[in-house]
Amino acid sequence: MNVSKIALLSAFVLAVAAPASAAEFTKGQVTKVDAKQQKVTVKHEELTNLDMPAMTMVFNVADEAMLEKVAEGSKIEFVADRLRGKMTIIELK
């Protein structure tokens with residue numbers, strides 16, 4: 001393969017492998033934690049990736065370990081998405 005073909009192939013692979021956009025974190029405040037059901041109620045700002053206005057709602061958590069990072073009243077930043085038809089927090093900081 002010549003150098004131009006390798007460069008073109010490398011650029012294509014990088015473009016395909018790169019995510020469409022970085023995860024956009026939303027600010028919120030935890031109002032309830034239900035560890036048994038693995039759910040968290042959050043009063044949140046607008047979820048732009050889901051075209052959802054600010055509100056208070058219940059989310060599943062993608063990873064049970066996230067429940068150890070939250071408590072009622074704690075302020076969080078999170079990414080939510082629909083997983084298997086349910087609103088789910090997929091990233092948390």
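Thr 88 counts as buried, at 4% relative accessibility (buried means under 20% relative accessible area, exposed over 50%, partly exposed in between, with a 1.4 Å probe and protein chains only). This is a predicted model, so local features need pLDDT of at least 70 and side-chain atom pairs count only at pLDDT 80 or more, while totals for chains, interfaces and linings use all residues. Residues are numbered from 1 along each chain as its sequence is written, and side-chain values use heavy atoms, with hydrogens and water left out.

- Thr 88 sits in strand β5; helices (H or I, at least four residues) and strands (E, at least two) are DSSP runs, numbered from the N terminus.
- Leaving aside neighbours within four places in sequence, Thr 88 is in contact (heavy atoms within 4.5 Å) with Phe 59, Asn 60, Val 61, Ala 62, Val 79, Ala 80, Asp 81 and Leu 83.
- A polar atom of the Thr 88 side chain lies 3.0 Å from the backbone oxygen of Lys 86. That is a polar contact: a pair of N or O atoms within 3.5 Å, where within protein one must be able to donate a hydrogen and the other to accept it, and residues adjacent in sequence count only if both atoms are side-chain atoms.
- Thr 88 is also the bridge partner, in β5, of Asn 60.

**Overall layout**

- Of its 93 residues, 27% count as buried.
- Take the contacts in the protein with a separation of 6 or more: residues 24 or more positions apart account for 47% of them.
- The accessible surface comes to about 6600 Å², and carbon and sulfur atoms own 54% of that; areas come from the Shrake-Rupley method with a 1.4 Å probe, and for residues only the protein chains shown count as cover.

**How the strands pair**

- Strand β1 (residues 26-34) runs antiparallel to β2, with six bridges joining them; two strands pair if DSSP finds at least two bridges between them.
- Within that pairing, Val 30 has Val 42 as its bridge partner in β2.
- β2 (residues 39-44) and β3 (residues 55-61) are antiparallel too, again joined by six bridges.
- Here Val 40 is partnered with Phe 59 in β3, and Thr 41 with Val 58.
- β3 and β5 (residues 86-92) go the parallel way, over two bridges.

**The core**

- The largest nonpolar core has 18 residues, and Val 40, Val 42, Phe 59, Ile 76, Phe 78, Ile 89 and Leu 92 touch the most other members. A nonpolar core is a set of buried Ala, Val, Leu, Ile, Met, Phe, Trp, Tyr and Cys residues joined through side-chain atoms within 4.5 Å.
- Not counting residues up to four places away in sequence, Phe 59 touches Gln 38, Lys 39, Val 40, Val 42, His 44, Leu 47, Phe 78, Ala 80, Met 87, Thr 88 and Ile 89.

**Turns with positive phi**

- β1 and β2 make a hairpin with four residues between them.
- In that turn, Gln 38 has a positive phi of about 55 degrees, although Gln 38 is not a glycine.
- Gln 38 counts as partly exposed, at 30% relative accessibility.
- Over in the loop between β4 and β5 you'll find Arg 84, with a positive phi of about 50 degrees despite not being a glycine.
- Arg 84 is exposed, with a relative accessible area of 78%.

**The salt bridge**

- The count comes to one salt bridge, defined as a side-chain nitrogen of Lys or Arg within 4 Å of a carboxyl oxygen of Asp or Glu.
- The partners are Lys 93 and Glu 77, and their closest N and O atoms are 3.9 Å apart.
- Lys 93 lies in the segment after β5 and Glu 77 in strand β4, so the pair ties together parts that are 16 residues apart in sequence.
- At 58% relative accessibility Lys 93 counts as exposed, whereas Glu 77, at 29%, counts as partly exposed.
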